[in-house]
Amino acid sequence: MKKSKAYQEALKKLDRNHLYDPAEALQLVKDMSSARFDETVEIHIKLGVDPRHADQQVRGTVSLPHGTGKTRKVLVFAKGEKQKEAQNAGADYVGAEELAEKIQGGWFDFDVAVATPDMMAVVGKLGKILGPRGLMPNPKAGTVTFDIERTINELKAGRIEYRVDKTAIIHVPIGRVSFEAEKLLDNLNVFAEALIKARPAAAKGQYMRSVSVCSTMGPGVKINPLVLMAANR
């Protein structure tokens, strides 16, 4: 695949074989950004786990101190007083069966779905639709709850969900290129600390095998995983 001139110029600033410190890597990602939009900064971490085993799954949520730079559209499945609570907390869409029917019809204009436990009989029927898109409410992700106000506030403020994929890699956004490097570093460290705490007891050997950060359109910058882990134990 042919790379753009901007991408080729960015590569001149990068040593592909060097393992950078986190702060250096993030500053380099900012320096190499050349897109005409505010690119997302992403982190990709290869873990020393085998996702095929239930006792080596890595999944959770973490609230980034400076958010992700994206305003998320939150949909809430609820009834009665919980609908009012969701509306007052700033949910973008609130409803029950009528929302389920709308989704079954192919509507997906939201970024995250939350449901009260008593709505799961309705929401559960959407599993085959929402699951593959990563939109299915789940207790482990904190999106099946009666604590609607707090959940919406956290999601709007920058709470993200992370989950290891079948290749043992975790991919999450940690901000935007327009963020100050210090804020990106804060977000990175908070996420890394949460990921280290989520290490399964069954995981053997080095937990973080490789780490890289990049912008949406930019090349990956390798971070020394041992330095990142040492800084966030």
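# A friendly note on this predicted model

1. **Leu-14.** Leu-14 sits in the loop that links α1 (5–11) to α2; helices here are DSSP runs of H or I with at least four residues, strands are runs of E with at least two, and both are numbered from the N terminus. This is a predicted model, in which local features need pLDDT of at least 70, side-chain atom pairs count only at pLDDT 80 or more, and totals for chains, interfaces and linings use all residues. Residues are numbered from 1 along each chain as its sequence is written, and side-chain values use heavy atoms, with hydrogens and water left out.

2. Is Leu-14 buried or exposed? Leu-14 is buried, with a relative accessible area of 10%; buried means under 20%, exposed over 50%, and partly exposed in between, using a 1.4 Å probe and protein chains only. Leaving aside residues up to four places away in sequence, Leu-14 touches Tyr-20, Leu-28, Met-32, Pro-219, Gly-220 and Val-221, where a contact means heavy atoms within 4.5 Å. Take Val-221 from that list: Leu-14 and Val-221 are 207 residues apart in sequence, yet their C-alpha atoms are 7.5 Å apart in space.

3. **The largest nonpolar core.** The largest nonpolar core has 41 residues, and those with the most contacts inside it are Leu-47, Phe-191, Leu-195 and Met-208. Such a core is a set of buried Ala, Val, Leu, Ile, Met, Phe, Trp, Tyr and Cys residues joined through side-chain atoms within 4.5 Å. At least two residues of this core come from each of α2 (22–32), β1 (40–47), β6 (159–163), β7 (169–176), α8 (181–197), β8 (208–215), β9 (221–223) and α9 (225–231). Which element gives the most to this core? The answer is α8, with seven residues. As background, nonpolar side chains tend to be buried together in soluble globular proteins.

4. Not counting residues up to four places away in sequence, Leu-195 touches Ile-45, Leu-47, Val-58, Tyr-162, Ile-170, Tyr-207 and Met-208.

5. **How α2 meets α8.** Two packed helices are described by the angle between their axes and the distance between the axes. The axes of α2 and α8 come within 9 Å and cross at roughly 125 degrees; axes are lines fitted to C-alpha atoms, for helices over the stretch in contact, and angles run from 0 to 180 degrees between N-to-C directions. The two helices α2 and α8 are therefore oblique to each other, since angles under 35 degrees count as roughly parallel, over 145 as roughly antiparallel, 65 to 115 as roughly perpendicular and the rest as oblique. From α2, Pro-22, Ala-23, Leu-26, Gln-27 and Lys-30 meet Ala-181, Leu-184, Leu-185 and Leu-188 of α8. The residues of this contact divide into seven nonpolar, one polar and one charged. In that count, Ala, Val, Leu, Ile, Met, Phe, Trp, Tyr, Cys and Pro are nonpolar, Asp, Glu, Lys and Arg are charged, and the others, Gly among them, are polar.

6. **How α3 meets α7.** Helices α3 and α7 (residues 148–157) pack at an angle of about 30 degrees, with their axes 9 Å apart. That makes α3 roughly parallel to α7. Lys-82, Glu-85 and Ala-86 of α3 make the contact with Ile-148, Glu-149 and Ile-152 of α7. By kind, the residues of the contact of α3 with α7 are three nonpolar, no polar and three charged.

7. **Gln-87.** Gln-87 is found in helix α3 (residues 81–88) and is partly exposed, with a relative accessible area of 48%. Between Gln-87 and Ile-148 there are 61 residues of separation in sequence and 9.8 Å in space, C-alpha to C-alpha.

8. Most residues other than glycine have a negative phi. Ala-168, though not a glycine, has a positive phi of about 70 degrees. Look for Ala-168 in the loop between β6 and β7, where Ala-168 is buried, with a relative accessible area of 4%.

9. **Ala-54.** Ala-54 lies in the loop between β1 and β2 (59–63). Ala-54 is exposed, with a relative accessible area of 73%.
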